[in-house]
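Subject: Structure for your review

Dear colleague,

Please find the structure below, followed by notes on what was found in it.

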Amino acid sequence: GDILDDYLRTDGVWILTRNKQFYKTNNEKECAEKCEAERNFTCRAFLFTRKKLECLTLAENAKMTVMFSSTDTVLYEKRIYLMQCKRGSGMDYRGTETKTRRGIPCQKWAEKKPHKPNYTPEKHPNAGLEENYCRNPDGDESGPWCYTTDPAIRFDYCAIPECEDQVTHTAEGECMQCNGEDYHGEVSRTESGLECQRWDAQEPHMHGFTQKHYPEKDLKMNYCRNPDGELRPWCFTTNPNKRWEYCNIPRCSTHPPVSGLDSQCLSEKGEDYRGRISITESGNACQHWNTQFPHKHGWIPDRYPCKGLEENYCRNPDGEKKPWCYTTNSSVRWEYCTIPPCDRTEQGIAGMNDAPVQVPLPEECYRGTGQSYRGTTSITASGKQCQAWSSMVPHRHIKTPDRFPDADLRDNYCRNPDGDSSPWCFTTDPNTIWEYCNLKRCDDPTQE
């Protein structure tokens, strides 16, 4: 099977940890291999960041420490260390129970008082004899046990429940669209079978997701919901050791209804931007979302059906400060894009120095030789992307904003700073220095 099958994946979280090792890896599988091979400590989990391709192997998991929200990070926890139940005799139990069935605290496996142990971490390095956790290094049929801290009782068994086939209670016909932000079903168990905590309760986990603060998110009862744009619906659990977990809700087979026009300009963080700009703010062309070259990544269109990950257009699927993309430049993994703001016109009227600019329209045109053209087209006649005027990559040039202050050489918009026959630009194609732009002359004879 896949090495990642042994891990529980949680998107968008970071956990506080003291014992960790940094590695540079290309993908999650390579990071999992680092975790398996870790010799500095027992690796229970690892963190992988998609953009930086950074891998952190961890001694702790979410049951042992605090979790934080962190976009672009994926947490993988070894399933064996998350199980609080035993299968068979429990030789593979790696839970965190530290008391016997009679409530007596366990002695640490590495200590020799009050009892001198026969089973030690040195003699049985693969038996999970850490701290004073209940374990079954000798395959005792009665299940996990430990040496006790009571001098009168050498060892005792622990009360570890049997694992059952846990169901998620998905009602017939229940499914979710997109990432489940609009899911209003009644599933109330997590994917591992834990019961959900009520949204209006603050025990066992305190939180801020209340009906008062999120009135439009339908936070009813203890139903799974997705109020914060996670990968899919989730809930806080009634298990004090597991703060939250995803719910197992199937995707609907039908596509969601098309809602209104998506934005062609930048409003707020641009998460609803669906325009066709596909060049970064430094002039690099964007990599297609459905390819893994030159940069491998996790933003696969099929996994995020409603994020608009089409072609190589700039998008903001992860709540960054504005739309971005992976670049076709192998030495620059990703960059933000320059998207015209939706309120540029109003800002201009309010007294900004920039001339008001409209969102590019199909009928954009120029008059005369186009020296007065101030639109936002950035595609050449042959379909190439324009290089930003302030950039020297891939072409060095002297047509810079500071040398032509009156030519409005903003971003990578087509302009005519030198009195050519029509607006033009340098291209992002290393083999084509410049081209005229894909613009028509206005038929309107009226004066400007």
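E3 and E5 pair in the antiparallel sense over five bridges, where strands are DSSP runs (E, at least two residues) numbered from the N terminus and two strands pair if DSSP finds at least two bridges between them. This is a predicted model, in which local features need pLDDT of at least 70 and side-chain atom pairs count only at pLDDT 80 or more, while totals for chains, interfaces and linings use all residues. Residues are numbered from 1 along each chain as its sequence is written, and side-chain values use heavy atoms, with hydrogens and water left out.

E3 also pairs with E4 in the antiparallel sense, over five bridges. Thr 49 stands opposite Thr 73 in E5 and opposite Glu 54 in E4, and in the hairpin of E3 and E4, with four residues between the strands, Leu 53 takes a positive phi near 55 degrees.

Both faces of E3 are covered, with Ala 45, Leu 47 and Thr 49 buried on one side and Phe 46 and Phe 48 buried on the other; buried means under 20% relative accessible area (1.4 Å probe, protein chains only), exposed over 50%, and partly exposed in between.

With regards
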